[in-house]
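Look through the sequence and the model before reading on.

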Amino acid sequence: MGGGWAPCRAAETAREAAAADYARGIALANDGLYEAALEQFDSAYTKSPHFAVLYNIGQAQIALGHPLEAIAALTKYLHDGADQVPLSRREQVQAQLGLLEARIAELTIITDTPRAVIRVDGREVGRAPLFQPIRLAAGPHVISATTLAGAEVTRTVLLGEGERQRLELALAGAAPARKPASAAPSAPPPVPASPPLEPAAPPPLAPITAPAPSSPAAPAARGPFLRRASYAVAAAGLAAEGAALGVYLWNRHRYDDWQAGNAALATTTQGSAAYRKQALANNDLASSLTSANHAILGLAIGGGVALAGAVTMFLLDQRERHRSGEFSLGWAPGGATTVEWRACW
Amino acid sequence: MRVKALRRARVPVGLAGTVGVAAAALAGCFDVHSVDPGPVVLDDFESHDNRMPADPDFSIWSCGKYNPPTNEGVSCDYAMPGYDSDYSFSLQAEVTDDRDLRMDHAGAALVTHVVGDPVDMTRFETVTFAAKVVSGNPPLPSQAQLLVELFCKNAKTEDGTRSDELRVDQVAAFKNDWLVVPLEMRNFTTLTSSTHIKGGTLACLKQVDSVRFAVNAELEDGGSARFTLWIDNITFQ
């Protein structure tokens, strides 16, 4: 028994520290300080690994534009959380993963020198030949290959979202010096026959061609229009509903008059002049109120239709935004995925 | 994806729809209806308003005698009770047929004139009123008549001239207690008047400018009679 308490107390201490980091991370994230938030989440996870923290790490990575890291965190979140992840949250994360995957570009690197060290953005990713394409986030990347003899070729590539490019690095005869160059997407690299040891004459920089907009870009352009249109239509709908309410309120006292007149008719001899006079006045009011009813009905229905249309447009816009990667970050400070820091297991 | 978005859209769209339906229900708040105002009431005399008829198209009630025309020996005013009501309008008269070796058709009448443009009475099917005629001393002859006369001075005679006496009329039944008398418009004729109207009865009914309730005493030459006429609830339908 006593042997079980010490580890439990240690774990409890770690969880308390992690809980503090986690809370700080949430606060920072809510302030838009995602870099700092990520550090806190990482710290919390390191101190007390709980799958729920991975969700927040993933969201922070998305916010920081690190799709690969986000995919890693969210995939682990789903894996580790398993059936503890609520279905709705699972669906949301899966949707995010789908969108993130769609944004990942792939770069196939080919060299003419076996065992050349391949680096991407300064990080070694393997030695030639690489049998699989490298998954990278969209954007510029510096690719280099270095032979055992020290010859090095460096290229800069610009990857678009979801784009697949092929880069051939010719190391034969390359000087052991850095020669930054760029490669046109989907085209054989323009590797000029640069004389060795001539760093002053690097291959001309090929223009970094931005890839054609990927499919989500078009809806994204349409998004602002839809969003603005939804606001405008919603405003029109609200105005119509307000007008309906205004017409209703404006006519309420007239309806009271009509009711009073109707009550008076009940006590007036039918066929008398007074009855006729009252009836005619009441009928005039009734006619006017019926017109008001029609106006209210028309405005209310028109306003309702406009509001429904606005909501539909807004949702379509939201969908397009999701498709184009404009995530709204959702943190998990509570709920089923809350980190149970105080539990001792 | 689209299906999911549409599914997600159900709730807010439903909410908006609910708002619309609620607003539509709000529109139904003015639960109004029209009522049959009933017949056009020329006057039921209940307003007691300086002899002004209930129908604003007509001017104050007045009374007089005819054949010969005079205001002496005749009076009229509101009277109590009315027919199933508080007030009616009564005419008290003593009429005399001048001794001139002929029947002058002397009588007395209540009259109201149209204010403004003549009234088209062809839009009505009947004129209904309650009347009571009580004979005095000397009494009314048994052949005395109660006439409803619709004057149309803007009409023309057959020879194209105008006359203040152009009218259509109809004899109404009466007794010495209240009697509701419905008269059909189509039964108004020019038979009792001395002149014929160009266009006939219809031409006169289209431009009525006075309504008169007359008691034609039908006295023998030199005879006289006293009587009281009560009128109430004069309506057009």
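What share of the contacts in chain A with a separation of 6 or more is made by residues 24 or more positions apart? In this predicted model, such residues account for 61% of those contacts. Chain A has 7 helices and 8 strands. Of its 345 residues, 35% count as buried.

One helix of chain A can be followed in detail. Helix α3(A) covers residues 51–63, which makes 13 residues. From its first C-alpha to its last it reaches 19 Å, close to the 18 Å expected at 1.5 Å a residue. Because 11 of these 13 residues are buried, α3(A) is largely enclosed by the rest of the structure. The buried residues include A:V53, A:L54, A:Y55 and A:I57, and also A:N56, A:Q59 and A:Q61. After α3(A) comes A:G65, with a positive phi near 75°.

Now turn to the nonpolar cores. The largest has 54 residues, and those that touch the most other members are B:L110, B:A131, B:L150, B:L229 and B:I231. In chain B, several elements each supply at least two residues of this core, among them strands β4 (88–96), β5 (107–113) and β6 (126–135), and helix α2 (200–205). The largest share, 6 residues, comes from β11(B).

B:L150 shows what such a position looks like. Leaving aside residues up to four places away in sequence, B:L150 touches B:M121, B:R167, B:V168, B:F188, B:C204, B:L205, B:V208 and B:V211.

Technical notes: Residues numbered from 1 in each chain as written. Chains lettered and ligands numbered in written order. Predicted model: local features only at pLDDT ≥ 70, side-chain atom pairs only at ≥ 80, totals over all residues. Helix = DSSP H or I, 4+ residues; strand = E, 2+ residues; numbered from the N terminus. Buried ≥ 20, exposed ≤ 12 C-beta atoms within 10 Å, placed from the backbone. Contact = placed C-beta atoms within 7 Å. Expected span 1.5 Å × (residues − 1). Core = buried A, V, L, I, M, F, W, Y, C linked by C-beta atoms within 7 Å.
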